[in-house]
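Open the model in your viewer and keep the selection panel at hand. The stops below say what to select next and what is there.

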Amino acid sequence: MNDQRPTLPVTTIALLVVVFLQIPVIVVVLASFSETSYLTIPPQGLTLKWFEAVLTDSAYLGAIRNSLVLAIGATTISMVLGVAASYALFRKMLPGSEALTSLLMSPLIIPSVVIGVALLQYFTLVGLRGGFVVLLLAHVVITVPYIVRSALASLSGIDLSVEEAARCLGADGFTAFRLVTLPLIKPGLVAGALFSFVTSMENVPVTIFLAGPRQTTLPILIFTSVEMGVDPSVAAVSTLLIIATVLVLFFAERWTGFHRFV
Amino acid sequence: MSNLTLDHVVKRYSSVTVVKDVSLAIDEGEFVSLLGPSGCGKTTILRMVAGLIDPSGGTIRIGDRDVTRLPPNKRNIGLVFQSYALFPHLTVHENVAFGLRRKGQSGAALDARVGEALAMVRLAGYGERYPRQLSGGQQQRVAMARAIAPRPNVLLFDEPLSNLDAKLRDEMQIELKRLQRELGITTLFVTHDQAEALSLSDRVCVMQDGVIQQFAEPETIYRRPATAFVASFIGKPNRLAGTIRGGRVALDEQLELRSESDLSGDGRPVEVFIRQEAISLAASGDESVNRIAGTVALRSFSGPQVKYVVRIGSDQELVVEAPSSGPAGDLAPGQPVMLEVHPQDVLVLSRETAP
Ligand SMILES: Nc1ncnc2c1ncn2[C@@H]1O[C@H](COP(=O)(O)OP(=O)(O)OP(=O)(O)O)[C@@H](O)[C@H]1O
Ligand SMILES: [Mg+2]
């Protein structure tokens, strides 16, 4: 950091970029309050009926429930697997750690559609299709890189001798990890968990190949309803998602100051 | 409290052997320093004793227990790191309590033990602070309190004072010695600071390239170094090439010195070590001392001491240290001088193949 203030043109450009990036969000939020039965900007009139429509529609409620169960389940599993894997990789407990790390991170760079098709073929091959478990496994694959990434970053930021100190003071390996290493990497893990959760929540390309009729998630439902014609209830559900995300980020930041690990 | 024994301990990393067949027996309550240049394997030995790395061979015993294959938490040791390695998310109190809690202590008994340990390092009342709110010296003392609180059988230190400034380091040395005396805990102390090793230790173990060169009391290490390496590593002695000739050591055709070292083997090439402070510029009249005629080539003043570079023999030089307030305090370059060295201060050691 230096204490030079940005010049006026820089500030202006920065503000314009921020506004430009936020335009879709603003449009969606505004449109969700419109009384018309089609999306329009500026909104005509002011109503909450689209929110009511969403929150009483069993299809939407079911999709929200599916998405939450999936995101929480996938994040929990990814957390356990990802943290354990990162720890082993970081301590170089396995030969070929670098190669394994790249492998675990590969879902970040492989196009999601490719992963979706690949998983579909794989699950068909092994005789699993269209169930919740399949979807959950697929979401673990796409969310685990976020956990691994933030766990590795956090681990490299701490002095490993603290864990050795704990072991010399009578803690076995797991206790030392639980009482010393884990609290120290917690902010990073919270950041990773949020990324993982959001990634699972918003995923369409992988989910669409694998979700059976009873596993429709919120983004899939939005996606299909947009195909059938847009009404402001889509904007309303999107607005709800935006509000939920902002709240989660706000409180997570307050509790852990995780932004340093993003 | 127990003795600590290393028996033919070896550590190999793939093809390199960094600790080569080290055997060391430390008595109960003894303070031993491992001293040697960077990379000679001191930390490696310490970490093997702690159980943080596995030896490739040999056995390590604490008391009469073979701990070679035990994990660190089963060894009952206290380790103080160079980096302190305090737990940043815990208060000073909880840092010190960590080892006690692992032993199942809690409540008032635990608080009393923590208070006792903090008082010992003069940090009573600092319990509620976090490590980041302490100075380097205070953090170091918390690290010590944390290590001693569970009453370990063996205390291990890895250059614990090297991050402190010179003045604080002197204070902490005394503190540390006092603490170790009071507790009577067997201590292995790694350092590359010879003054620190000599002043703190009951015995010093000088190492080079993973091999013990000498393991003896500080006085012996200083006065009777066993090898040319030890002689040159401790202090900054004059180091001259010589040859054994008729029960004396010859520096050149004319100049022969008497010595109390082993002078057997006529014609054997040797190295001669003479400490700067062992050379006298004042004539004593004592017939048993070596007399060396020379000429002052250079004078350098450093407060209480003056150093002279004196040219002797055909083309050799000796650095001589003298008190600046004495009669030999202001000799000018070019002046002829007569140097006196007692035979016991002329150390003759076999010439090493690789210097
Ligand atoms: N994990 C490792 N793999 C390979 N070589 C290693 C490893 N750890 C240490 N070494 C080597 O072992 C030798 C001894 O290392 P060690 O840390 O014990 O030295 P030291 O005497 O403590 O030095 P210093 O005074 O610099 O701390 C060094 O040459 C080092 O390069
Ligand atoms: Mg070291």
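Which residue of chain A forms a salt bridge with Arg47(B)? Select Arg47(B) and Glu164(A): these two form the salt bridge, with the closest N and O atoms 2.7 Å apart. The term salt bridge stands here for a side-chain nitrogen of Lys or Arg within 4 Å of a carboxyl oxygen of Asp or Glu.

Before going on, note that this is a predicted model, in which local features need pLDDT of at least 70, side-chain atom pairs count only at pLDDT 80 or more, and totals for chains, interfaces and linings use all residues. Residues are numbered from 1 along each chain as its sequence is written, chains are lettered from A and ligands numbered from 1 in the order in which they are written, and side-chain values use heavy atoms, with hydrogens and water left out.

**The interface of chains A and B**

Stay at the interface, where the count between chain B and chain A is one salt bridge. Five residue pairs across this interface are in polar contact, both residues being at pLDDT 80 or more. A polar contact is a pair of N or O atoms within 3.5 Å; within protein, one must be able to donate a hydrogen and the other to accept it, and residues adjacent in sequence count only if both atoms are side-chain atoms.

Next, colour H1, strand E6 (77-80) and helix H2 (92-102) of chain B, the elements that give two or more residues to the side that touches chain A. Helices (H or I, at least four residues) and strands (E, at least two) are DSSP runs, numbered from the N terminus. H2(B) gives the largest share of that side, three residues.

Now select the whole contact (heavy atoms within 4.5 Å): 19 residues come from chain B and 17 residues from chain A. About 1,600 Å² is buried between the two chains, and carbon and sulfur atoms give 69% of this area. Buried area is the accessible area (1.4 Å probe) that two parts lose on being put together, summed over both.

**Ligand 1**

Move to ligand 1 and show Ser38(B), Cys40(B) and Gly41(B), which are among the residues that surround it. Ser38(B) has a polar side-chain atom 2.4 Å from an oxygen atom of the ligand. Backbone N or O atoms also lie by ligand oxygen atoms, at 3.2 Å for Cys40(B) and at 3.0 Å for Gly41(B). Helix H1 (residues 42-50) of chain B gives the most to the shell around ligand 1, with three residues.

**Chain A, then back to chain B**

Last, select Arg203(B) and Asp27(B), whose side chains meet in a salt bridge (3.8 Å, N to O). Arg203(B) lies in strand E9 (residues 203-208) and Asp27(B) in the loop between strand E2 (16-26) and strand E3 (31-35) of chain B, so the pair ties together parts that are 176 residues apart in sequence.

Notes:
Near = heavy atom within 4 Å.
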